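Trainee: I have a chain open and would like to go through it with you. Could we begin with a single residue and then turn to the whole?
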Amino acid sequence: MQLHDVWFVLIAVLWIGYFFLEGFDFGIGVLTKPLARDTAERRVLINTIGPVWDGNEVWLLTAGGATFAAFPDWYATLFSGFYIPLLVILVCLIVRGVAFEYRAKRDGARWQRNWEEAIFWTSLLPAFLWGVAFANIVRGVDIDAQKNYVGTLWDLLNPYALLGGLVTLALFTFHGAVFAALKTVGEIRVRARKAALQAGLATAVLALGFLTWTQVHSGNARSLVAMVIAVLALLGALAANQRGREGWAFVLSGATVVASVAMLFLALFPNVMPSTLNDGWSLTVSNAASSPYTLKLMTVVAAVFTPLVLLYQGWTYWVFRKRIGVQHIPGHHPAAPLDQV
């Protein structure tokens with residue numbers, strides 16, 4: 001295996017890690033509206049990811065930086081061709097971070113309601129748009145001989161990509177609901193399990209269609225194995241959730257995310273961005289890669305710092321591992337519905 005193949009695998013691992021971790025906190029953000037019944041419960045949900053959401057986004061920064069350094073042509077084509085959807089995602093992530101930090105800076109009901117609304121929408125939109133983006137990467141886009149994207153924004157909104165967006169939105173919501181059940185106590189925990197069942201069933205229908213479409217269009221034996229694992233893990237997560245085995249449900253919902261994203265990368269390899277205009281114009285791990293010296297230097301740096309990052313992030317999750325509920329919210333008292341405030 002050559003270094004450019006190694007870095008394709010490493011970038012795939014970074015994206016898998018990002019979607020595993022950011023997936024459940026996107027899901028928590030989406031659930032702040034349908035699951036929480038008052039301000040205290042919304043605060044409980046937000047507090048479940050409060051210590052970790054910003055650390056989860058480090059995986060995105062690392063994946064983007066690694067793509068820029070290891071596959072500059074892939075990075076240039078991707079970020080120029082997908083400029084508008086990626087800009088929307090970036091703006092959402094910025095506003096979402098501000099919302100988490102600013103929501104509790106004032107006690108006014110309208111102030112908090114507006115930031116909570118921002119958390120909902122800036123979680124929902126990226127959860128959908130990441131699916132659209134990765135579905136287009138696997139399907140292929142209009143790339144010319146100069147490695148430039150020559151399609152339009154509307155070309156990216158094709159049925160396959162839109163289905164991919166619905167799958168990631170449903171899957172992340174399911175993953176978040178399972179995480180909420182794992183991290184909370186009381187009535188909200190019970191409702192989270194019910195929400196996980198509903199989101200899981202929707203995910204099963206959408207994901208089966210999308211993964212089957214992917215396998216037929218671009219798949220191979222390796223991607224088929226990943227698809228089977230994803231389907232079995234999702235069914236196992238639903239069964240564990242119904243039995244109240246929240247730890248196993250979270251492990252298996254995470255395995256569903258991991259196997260689903262892995263399937264996309266396995267179906268993509270050795271391409272990094274296929275061209276729908278001419279197969280010879282596709283970007284591959286070899287023609288889009290940096291020089292061997294650059295890849296070698298990156299490998300040394302990654303070998304040194306990756307274990308440190310993993311240890312630090314694992315320690316963070318261990319420290320904040322306990323469940324929380326409305327009784328842990330300082331000064332909690334029954335709140336009036338938002339429409340009465």
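Trainee: Is Ala249 buried or exposed?
Mentor: Ala249 counts as buried, because its relative accessibility is 0%; buried means under 20% relative accessible area, exposed over 50% and partly exposed in between, with a 1.4 Å probe and protein chains only. Please note that this is a predicted model, in which local features need pLDDT of at least 70, side-chain atom pairs count only at pLDDT 80 or more, and totals for chains, interfaces and linings use all residues. Residues are numbered from 1 along each chain as its sequence is written, and side-chain values use heavy atoms, leaving out hydrogens and water.
Trainee: Which residues does Ala249 touch?
Mentor: Leaving aside residues up to four places away in sequence, Ala249 touches Val178, Ala237, Ala240 and Asn241, where contact means heavy atoms within 4.5 Å.
Trainee: And which helix does Ala249 lie in?
Mentor: Ala249 belongs to helix H11, residues 246-268. Helices are DSSP runs of H or I with at least four residues, strands are runs of E with at least two, and both are numbered from the N terminus.
Trainee: Turning to the whole chain, how many helices and strands are there?
Mentor: The protein chain has 12 helices and 2 strands. Along the sequence, the pattern is α-α-α-α-α-α-α-α-α-α-α-β-β-α.
Trainee: What percentage of the residues is buried?
Mentor: Of the 341 residues, 50% count as buried.
Trainee: What about contacts between residues 24 or more positions apart?
Mentor: Those account for 81% of the contacts with a separation of 6 or more.
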